[in-house]
Amino acid sequence: MDKKTFWDKKLVSAALLASLVKLNPKTQVKNPVMFVTLAGAVIVTAGIIGKLPHVSGFEAQIALWLWFTILFANFAEAMAEGHGKARAESLRKARVEITARLLADGRETKVPASQLRKDNRVVCEAGDLIPGDGEVVEGIASVDESAITGESAPVIRESGGDRSAVTGGTKVLSDRIVIRITAEPGHSFVDRMIALIENAARQKTPNEIALSMVLAALTIVFILAVGSLKFFADYSAGAAGQDLSAIVTVPVLVSLLVCLIPTTIGGLLSAIGIAGMDRLVQRNVIAKSGRAVEAAGDIDVLMLDKTGTITFGNRMAAAFIPAPGVEERELAEAAQLASLADETPEGRSIVILAKTKFDLRAKELHPHEARFIPFSALTQFSGVELIGLESCPARKILKGAVAAIKAESSGFPPELDKAQADVSNSGGTPLAVSDNGRVLGIIHLKDIVKGGIKERFAQLRRMGIKTVMITGDNPLTAAAIAAEAGVDDFMAQATPESKLARIRAEQLAGRLVAMTGDGTNDAPALAQADVAVTMNTGTQAAREAGNMVDLDSNPTKLIEIVEIGKQLLMTRGSLTTFSISNDIAKYFAIIPAVFGALYAVKGGQGPLSALNVMRLASPQSAILSAVIFNALIIVALIPLALRGVKYKAVAAQTLLRRNMFIYGLGGLAAPFAGIKLLDMFITAAGLVR
Amino acid sequence: MNSQDAFQIFFYIVSLTLLALPLGSYLAATLEDKSRFQSRIFGPVERSIYRCCGINPGGQMNWKNYTASLLWFNFLGFLAVFLLQLFQHKLPLNPNNSGPVEPVLAFNTAVSFMTNTNWQAYAGETSLSYLTQMAGLAVQNFLSAATGVAVFAAMVRGLMGRKTSGIGNFWGDITRVTVRVLLPMSFCAALILAGQGVVQTFKPDSRVKTLEGVEQTIPLGPAASQIAIKQAGSNGGGFFNANSAHPLENPTPLSNFIEMLLLLLLPAACVFAYGKMAADKGQARILFSVMFAVWALGLAVSLYSEYSAASVTGGLGLMEGKETRFGIVNSVLWAASTTAASNGSVNAMHSSLSPLAGGAALFNIMLGEVIFGGVGAGMYGMLLFVLLTVFLCGLMVGRTPEYLGKKVEKREIQMVMAGILAPGAVILIGAALTCAVPAALASLSSKGPHGLSEILYAWSSASGNNGSAFAGLNANTSFYNIGLGIAMLIGRFAVIIPCLAIAGSMGVKSPSPPSAGTLPTDTATFGILLAAVIIIVGGLTFFPALSLGPVIEHLLMLKGVLF
């Protein structure tokens, strides 16, 4: 989110309006801290009205800033809601206007998108908006999904495969696709997204409730501290034989109270929650509840499918191992020739490896000079037959399973037997290559671990999260890949039952388990896991079992979800600490301001003026500065609340020290500087006596 | 302060730590009932008690049953002390012919001893019979201390429990604590104290002619036995009105040292017992360090204040109200310890401390009596602060906060806040009320900020179940007897009940093993944060009140104005 969209003019003006609407006491009562502030503002304002036509400029300014404090808090919440809703609203609007090209009995009819039912088929061509959530059943197209994701680079959506899901409201940029609608009206992605954002505003998550409790309790403490102060002041005034009634007034006591109660975190609390949901939506993840997002931050164990997550889905050529007396280049050349017509990922990877290793360009072979031998389950090999010409003799190059090539060849070097065993033992697959019955060598095919994944797992380990790779491979292969990817543990030959048992075992040991999955056979394990992210491309059963759906179907997304969950709690904790630390400076501003003259001898300064460490100009200016600081700090922290405190994958201890330093000590120091500056400004502008 | 004073303080700290360590292990073994040595010695006595009362000490109670048993038991204790006072003139062992105690005062005294506060609105030597002192007060001295330890034990069991709702057996707990720990400890201490000259007799007060020829009454009684438990059980209710400043209650420097040691011994041992019971000495070490640091800070402020007062008064120090036998350092050391420990016994009048030293004593109590605190009570109060700190810090590392592997959630936080808030709320409301009631203000002996300190001290002492007095305040009026009585009840049970509720709700959770993502609670960082949370919560709550009391008084004293 860049600066421009963050303070978007339309968004801000809508939020400003909403912050007025939210003044409704019925809304405010849900937040005890802000409700007390509202009550304070009403009391001070009523006092001013009661004394009309005489108006004290000081009291009027106090009242004004108390109202601003509430409005700023409302504004924060409205901004958070606005960011989420803006996307949803534009989508909702777009969908109403979409006309769908319904395909029925081979004929196209135009119908409004809202009339589409599940399993209807619709056609979309370049420039069309996709009328509803669905799955591409025919064709391939580039789609602009920026309306949902904010990501402007187009994505490819094609039939059959991991990238078949499309979302209503997105735009087809090229080509033609046929889509099968998968959502009933009212259950589309947009509807769910809107519900999620609105729920975040209405329903509090468990941790948010607990924190609200602390804030409410602190508010009670401060009400008592300030309420009793009135009595202590009266006693002290009596004991000193002084009249303090000019300074120990209701507006001053209310000011002290509002400054002390945690308005900063109280005002930003719901904004933080909504923004957390919004960040999730930005990453194309729909959570069924806010609870799941919080739980994601607590994850101890992460269970990941090997295929597609840790490795690319397919095995790829990693090395050429030539037979004795054969050049590696010769083997590569032959292997490339044998694979030219092989359209499988493995075949393509051989061509690519030959190209990158020896710069061998893939030759164009014409049908009249070559005959391709397709792979069959019976022969277990494939290859090419070159028709003999003057320039080169006839050749029959084969590649395939070692046993199959052995049978076709005139002998197999024992060195290669050992090499192929090594390949198998390391979890790879050996392919033998022969040229006219002469065995040239072996191609080492293996699961290629995705780039950067090892660093990700290291990051998770620093966060205190253990990674477990799940795979159907045999233990040997699994161990090799696990070691290469740097996961902490693996489950080989995993079955739905063993996955479920593993999750249960981890949970019994008190750990919180997250899992990603997509297949129907994952459903029981997904249902058992504490946080289950299902791929949007996954089966319906899996999607229902999980508590989050990733629209991008990107299994490493879970890492980001964990970060969002942690960020959510961290932002709450940091701002709470900041808010409480602020109080110390406010005491040093207001207490000497109110009681500086107590026990003063003959117009001199009283003993408590020694506490005026900021050397604030006058009592009124000190109190007003504290109130203004208290209000402005909410606005200043809105961006932080919405973006979240930065999360770094380091040990908890380090994280705590860092946040304590920034928000604890920072919270202690910031108001001293801020209040002093405001005091200088107020004095210079002559706003109060 | 000279090197001899410094050495005294040092020697005190070392002796305390060295004695608390083995006592902690012993106490843990008592609470877990694991020591065969203990059961062999004390088993017969305990079994006969169980048989008499029909107790099954092994029967696990859930937190509600535990709380109910505790409340009934305490109520009956209250009733016994209350009735003994009302009818003492008709009962034996009343050689001084004390009359019946006024009902309002009797209520205050009964509540006071039942809640381990030992606030004394009465004067022991003139208004209570020996029977009331021995069968009423001394018994409650034992039982209220045992109650504190029982709650502490139950809370630890809850924190350590694995999916279980049982948090121990209340009757078994108090029996074991009383028989195995408190009685033997007090017996030994009483013998030593009697050896030092503390009186222990059933004879009536003796009348003597002084050198000036005036007749003086020397109060006597079975004091040594009661003073031992008064010190050890963080009770603090003196046999005589002057408490441990009275020569027959605290005759020699050695007796003074022993009594001071007993002040903090069991509370400190509870911390080490916690380490044993939680099978995690690191936790205990950090809690002990935090308590020690805050205690030392209070002591340092007090010493600074006393010596800066000395500079104002011309190098003499403020000796009015302090025992010349003990001097400033021992008076201040006692004051810092007795207020930290929720004990409340005194060897100098706190009203006579210099302003900030009095303020430090006051603040010690206001912190919630968790700086060592009462026997058991200090630890369960401290655990509330630990949970609050864990909650705030846990959020900052991006995980649902957890302590000892258990998540701290809504229910626990609700109880934590109630337990931390209640005593503070009572202090503020009570003190504000006092300022508004002219009759209550009439009890003050000094005006100005010192008067406000007297008010704050009385309510803090009651609510914190400390029991020491800032002297100077005449507390034997209906307003204070009833008001402070209620404050003591809230200060005691509004903390105990939340603690037991937390034990209940934590017990049923299953702990999760620690990882790099969990916040360790046995590190210096956590210790510093815990201390900060304790001081900040106390500071934010009481800063305005304190600034109008001890702070302003100190600033005035520096200008030469004394109250």
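**Notes on the predicted model**

1. In this predicted model, the interface between the two chains involves 61 residues of chain A, in contact with 61 residues of chain B. Together the two chains bury about 5,000 Å², with 77% of that area on carbon and sulfur atoms. On the chain A side, Phe232(A), Tyr235(A) and Leu656(A) account for 15% of the area buried against chain B, more than any other three residues.

2. Polar and charged pairing across the interface can be listed briefly. The rule finds 12 residue pairs in polar contact between chain A and chain B, both residues being at pLDDT 80 or more. One salt bridge is found across this interface. Its partners are Asp300(A) and Arg399(B), whose closest N and O atoms are 3.0 Å apart.

3. Which helices of chain A each supply at least two residues of the side that touches chain B? They are H8 (206-240), H16 (453-463), H21 (557-595) and H23 (652-685). H8(A) gives the largest share, 20 residues. By class, the side of chain A that touches chain B has 39 nonpolar, 14 polar and eight charged residues.

4. Helix H8 of chain A also holds a charged pair within the chain. Lys230(A) forms a salt bridge with Asp234(A), and their closest N and O atoms are 3.4 Å apart. The two residues are separated by about one helical turn because they are four residues apart in helix H8 of chain A. In general, side chains of opposite charge can pair when their charged atoms come close. Over all chains, the search of the whole structure finds 38 salt bridges.

5. The largest cavity has a volume of about 370 Å³. How many residues line the largest cavity, and which of them lie nearest its centre? The lining has 32 residues, and those nearest the centre are Gly368(B), Glu369(B), Gly419(B), Pro423(B) and Val495(B).

6. Four helices of chain B each supply at least two residues of the lining of the largest cavity: H13 (377-396), H14 (410-436), H17 (478-507) and H18 (524-558). The largest share of this lining comes from H14(B), with six residues. Sorted by class, the lining of the largest cavity comprises 16 nonpolar, 14 polar and two charged residues.

Methods: Residues are numbered from 1 along each chain as its sequence is written. Chains are lettered from A and ligands numbered from 1 in the order in which they are written. This is a predicted model: local features need pLDDT of at least 70, side-chain atom pairs count only at pLDDT 80 or more; totals for chains, interfaces and linings use all residues. Side-chain values use heavy atoms; hydrogens and water are left out. Contact means heavy atoms within 4.5 Å. Buried area is the accessible area (1.4 Å probe) that two parts lose on being put together, summed over both. A salt bridge is a side-chain nitrogen of Lys or Arg within 4 Å of a carboxyl oxygen of Asp or Glu. A polar contact is a pair of N or O atoms within 3.5 Å; within protein, one must be able to donate a hydrogen and the other to accept it, and residues adjacent in sequence count only if both atoms are side-chain atoms. Ala, Val, Leu, Ile, Met, Phe, Trp, Tyr, Cys and Pro count as nonpolar, Asp, Glu, Lys and Arg as charged, and the others, Gly among them, as polar. On a 1 Å grid over the protein atoms alone, a cavity is a set of points where a 1.4 Å probe fits but cannot get out, and a pocket is an open set with protein on both sides within 12 Å along at least five of seven lines; lining residues have an atom within 4 Å of a point. Grid points are joined across faces, edges and corners, and a volume is the space filled by probe spheres set on the points.
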